[in-house]
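Thanks, everyone. I'll take one chain today and walk through it from the overall layout down to single side chains. Please have the viewer open.

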Amino acid sequence: MYITLALFLIQQRFPGKKLLHFLKTAFNKNMMLMVITILLFTDIPGTAGAPAALLEVYGSIPIPLFLIYGFIVFIGSIISNFTAMVPAVFPLAASVAQGPISLVIYLASLGHLASQLYPTHICISLCAEQFHVSINDIFRRTIPVTGIMLLIATGLYFVMRLFEI
């Protein structure tokens, strides 16, 4: 990437003063601090074993299995991230479920919805910075829509189970 960038700057005859000005204005201390914080704290829950702990705690609750897995994936995706939930939950869920395809689709939907509420997701930070709004305002508008989408995803799971072979 650096070689390509250097060749582009040489080919375009980009003046050095303009390049220095660009570098000074492009560097945003707050954004860089956010990115470093996100990179540091994204993997800590997964490394600490949060997904396995969630499976153990909620495994004995007397509610339908798909809701337990859905809750674990949703909460785990908010706490850690959806990428950590895939290897931790999906193989087990698919192996014990009666309808593994519908369950995997349901869990992937919930994981995606949870990523909209993941507090250190880079998109949320970028939106807050770009549009000069607080992260709390973003979440206030996102949570009701996420709740509606959770209900729709659960309804679709039941429909998929009706037609699954």
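Start with the order of elements. From the N terminus on, they run α-α-α-α-α-α-α-α-α-α. That makes 10 helices and 0 strands. Keep in mind that this is a predicted model.

Now the totals. The chain has 165 residues, and 27% of them count as buried. Its accessible surface comes to about 11300 Å². Carbon and sulfur atoms own 72% of that area. On contacts, take those with a separation of 6 or more: 66% of them are between residues 24 or more positions apart.

Helix H1 covers residues 2–11 and is hardly covered. How many of its 10 residues are buried? The count is 1. After H1 comes Arg13, with a positive phi near 55°.

Next, the aromatics. The structure holds 5 aromatic pairs. One of them is Phe66 with Phe158, in an edge-to-face arrangement. The ring centres are 5.3 Å apart, with 80° between the planes. This pair links distant parts of the chain: Phe66 sits in helix H6, residues 65–79, and Phe158 sits in helix H10, 92 residues away. The two partners differ in cover. Phe66 is buried, at 11% relative accessible area. Phe158 is partly exposed, at 45%.

A second pair is Tyr106 with Tyr157. Why is it called tilted? The planes meet at 45°, so the pair falls in that class, with the centres 5.1 Å apart. Tyr106 belongs to helix H8, residues 100–115, and Tyr157 to helix H10, so this pair ties together parts 51 residues apart in sequence. Both tyrosines, Tyr106 and Tyr157, are buried.

Thr154 is in helix H10, which spans residues 135–163. Is Thr154 buried or exposed? Thr154 counts as buried because its relative accessibility is 17%, and the cut-off is under 20%. Setting aside neighbours within four places in sequence, Thr154 contacts Phe66 and Tyr106.

From Phe66, step across to Ala93. Ala93 is found in helix H7, residues 82–96. Ala93 is buried, at 0% relative accessibility. Phe66 and Ala93 are 27 residues apart in sequence, and their C-alpha atoms are 8.2 Å apart. Which residues does Ala93 contact, beyond its neighbours within four places in sequence? They are Tyr69, Leu103 and Leu107.

Back to H10, for its surface. A nonpolar patch there is formed by Val145, Ile148, Met149, Ile152 and Leu156, with about 450 Å² of accessible area together. Leu156 is in helix H10. At 49% relative accessibility, Leu156 counts as partly exposed.

Last, the charges. Side chains of opposite charge can pair when their charged atoms come close. A search of the whole structure finds 1 salt bridge. Its partners are Asp137 and Arg140, at 2.5 Å, N to O. They are 3 residues apart in helix H10, so about one helical turn separates them. Residues three or four places apart in an α-helix point the same way, because a turn takes 3.6 residues. Asp137 is partly exposed, at 31% relative accessibility. Arg140 is exposed, at 56%.

That's the tour. Questions, please.

Methods: Residues numbered from 1 in each chain as written. Predicted model: local features only at pLDDT ≥ 70, side-chain atom pairs only at ≥ 80, totals over all residues. Heavy atoms only, no water. Helix = DSSP H or I, 4+ residues; strand = E, 2+ residues; numbered from the N terminus. Buried < 20%, exposed > 50% of the residue type's maximum accessible area, 1.4 Å probe, protein only. Contact = heavy atoms within 4.5 Å. Patch = residues over 30% accessible without salt bridge, like charges linked within 9 Å, V, L, I, M, F, W, Y side chains within 5 Å. Areas by Shrake-Rupley, 256 points an atom, 1.4 Å probe, with all protein chains shown as cover. Salt bridge = Lys/Arg side-chain N within 4 Å of Asp/Glu carboxyl O. Phe/Tyr/Trp six-rings, centres within 6.5 Å; stacked < 30°, edge-to-face > 60°.
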